[in-house]
Amino acid sequence: MNSPKLNPAPPHQLPSQVVKDDEPILVAAARAGDISAFETLVGRYERKIFRLTQNITQNREDAEDAMQEAFLKAYEHLSNFQGNSRFYTWLVRIAVNQALMKLRKRRPGVVSLDEEIDTGEDTMPRDVEDWGPSPEQRYEQSELGSILSKVIGELDPPFRVVFQLRDIEELSTEETAEALGLSVPAVKSRLLRARLKLRQGLNQYFRRGKES
Amino acid sequence: MKCKQIVKELADYLDEALDPTLRESIELHLEKCKDCRLVVDTTKQTIQIYCNSEPAPLPQTTRQRLHEALAKHLRRARA
Ligand SMILES: [Zn+2]
């Protein structure tokens, strides 16, 4: 079948607020040994990287260690960083690897991430209700944060990690597949399952009529 | 088109990665089917809410430990 594909840029992929114009300069300076330039980069991304390692490991101590190791590894291997990808994407991939190592160590029985898994049948979701506009604004920032991490924590790791990379860190489907050693179709089917499960989980908080 | 097929194509539909013909028949179904419309809307909202959420600041001790580790290793790496 030769159906033409539209540009696959997802509609929610806004121009990232993460990248600032001075990033290439900071990276170059850090590469040349400027420690304070590297610390500026760390300060810029530490929150996001910690959320990433926490969402993957679901363990505070592991998340801290994985974040630390990721930044140290990034500094150590800065000379390998090719300027043709975003520094942040490169950093995310390092952090994911560190976090996955922690997860596997703590939960060796956990289904391996690159294994073929049955994503289940795509059935019509339950709990189909209207959320109204901006349902998240019904919650305080910190309360919303705990709802989001609680609901994502209930996903099995193979689904959680794919959603994290693709929809939170905004890697492309191909970058996500490459980072996790998965095929593109495997990423797609896990992503669908993850999105539907999260939708289901959030429904209890966001459905219209629910008093917060 | 059946509701089940909408669910199957949902990810590509949300990512705007469908060919126009398929997209059109999905939109036709959505006009008529309230349940599917709600599924599409709330799934879209789910992605947006996660994508737009601000990460919390690092806990004080976490941040301190990170910067101590950096200070120690970076200076050594440079030396
Ligand atoms: Zn339907």
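A polar contact is taken here as a pair of N or O atoms within 3.5 Å, where within protein one atom must be able to donate a hydrogen and the other to accept it, and where residues adjacent in sequence count only if both atoms are side-chain atoms. By that criterion, 13 residue pairs, with both residues at pLDDT 80 or more, are in polar contact between chain B and chain A. This is a predicted model, in which local features need pLDDT of at least 70 and side-chain atom pairs count only at pLDDT 80 or more, while totals for chains, interfaces and linings use all residues. Residues are numbered from 1 along each chain as its sequence is written, chains are lettered from A and ligands numbered from 1 in the order in which they are written, and side-chain values use heavy atoms, with hydrogens and water left out.

**Confidence**

The predictor assigns the complex an ipTM of 0.88 and a pTM of 0.83. In terms of pLDDT (the predictor's confidence in each residue, from 0 to 100), chain B averages 90, with 96% of the residues scoring at least 70, and chain A has a mean of 84, with 82% of its residues reaching 70 or more. Over residues 1-18 of chain A the pLDDT stays under 50, although the model has 38 contacts for them beyond four places in sequence. Where pLDDT is low, the predicted coordinates should not be read in detail.

**Between the chains**

In the interface between the chains, 49 residues of chain B are in contact with 60 residues of chain A, contact meaning heavy atoms within 4.5 Å. The two chains bury about 4800 Å² between them, with 67% of that on carbon and sulfur atoms; buried area is the accessible area (1.4 Å probe) that two parts lose on being put together, summed over both. On the chain B side, Ile49(B), Tyr50(B) and Leu74(B) lose the most area to chain A, together 15% of what that side buries.

There are 5 salt bridges between chain B and chain A, a salt bridge being a side-chain nitrogen of Lys or Arg within 4 Å of a carboxyl oxygen of Asp or Glu. Over all chains the structure holds 17 salt bridges.

| Salt bridge | N to O distance |
|---|---|
| Arg63(B) and Glu46(A) | 2.7 Å |
| Asp15(B) and Arg166(A) | 3.2 Å |
| Glu178(A) and Arg93(A) | 3.7 Å |

**Within chain A**

The domain assignment, which is automatic or from a database, gives chain A a domain 1 (11-106) and a domain 2 (121-211). The C-alpha centres of these domains of chain A lie 22 Å apart, and 17 residues of domain 1 are in contact with 19 residues of domain 2. Together, the two domains of chain A bury about 1500 Å² between them, 52% of it on carbon and sulfur atoms. Between domain 1 and domain 2 of chain A there are also 4 residue pairs in polar contact, both residues being at pLDDT 80 or more. On the side of domain 1 that touches domain 2, helix 2 (35-57) and helix 4 (87-106) of chain A each supply at least two residues, where helices (H or I, at least four residues) are DSSP runs numbered from the N terminus. Helix 4 of chain A gives the most to that side, with 8 residues.
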